[in-house]
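This report describes the fold of a single chain, from its overall composition to selected elements.

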Amino acid sequence: MEKAKKYIPAALLIILAFVIGFFALKTGMTKKDGQEPVLSYAIASQSPAKKTTAPKPQPQIEVRIIGEILYPGSYSLPKGSTLQDLITVAGGFTQRAYLDKVNPSSVLKDGQNVEIKRLYDNLPDNGFIDVEGTSEPDKLNINLATKEEILSLPGITEDIADEIIESRGNALIANIAQLKGINGMTDDIYKQIEPLIDIW
């Protein structure tokens, strides 16, 4: 009995320490004076991740360039692009291009077709022309016609259409009579298509 009494104070101290520790921990985790708990406040104070928005795509225009240019064809360019931008992506001028009155800073329009004229050709004041709308409505401009449009002509086969397109790759057809030299172009076919086509 005497031996058991010796352990009572030690046991009481252990219990008291446990109780004090429990209440201290509980007090630290609960609100004090209207303040959030320390751990909860630390989590709540973290800044939420910022949402990133993808940049809006820049409006594009479709333009076409032909004539004395290294890579004639159709191109997509940002809205507000200039003739110089188009010339750059098309590889630049050929050695025969007439440059004196070309205005590189002119702003292009969507759907615009541009022709760079050849040196010594009859030229408009600005050195290039917007060829859209300049054709006769009942004739096909053989320099701008697509393969499908060329195939719509009487007697024209796919091989002849491909030859015509290939022949205008480096320079525009200057005279309709040049078509007589196309492989497969007979006199009969030429006579049928001559009244239906034009060049400009």
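## Basis

The model is predicted: local features need pLDDT of at least 70, side-chain atom pairs count only at pLDDT 80 or more, and totals for chains, interfaces and linings use all residues. Residues are numbered from 1 along each chain as its sequence is written, and side-chain values use heavy atoms, with hydrogens and water left out.

## Overall organisation

The chain holds 6 helices and 6 strands (DSSP runs of H or I, at least four residues, and of E, at least two, numbered from the N terminus). Their order from the N terminus is α-α-β-β-α-β-β-β-α-α-α-β.

Of the 200 residues, 30% are buried (under 20% relative accessible area, with exposed meaning over 50%; 1.4 Å probe, protein chains only).

## Strand pairing

Strand β1 (residues 60-67) runs antiparallel to β2 (residues 73-78), joined by 6 bridges (pairing requires at least two DSSP bridges). The two form a hairpin with 5 residues between them, and Ile-65 lies opposite Gly-73 of β2.

## Helix α5

In helix α5 (residues 158-167), the buried residues are Ile-160, Ala-161 and Ile-164. Viewed down the axis of α5, these fall within an arc of 100°, so they line one face of the helix (the arc is that of the directions from the helix axis to the C-beta atoms).

Asp-159 and Glu-166 are exposed on the other side of α5. The cover over the buried residues of α5 includes α4 (147-151) and α6 (187-193).

Methods: Contact means heavy atoms within 4.5 Å.
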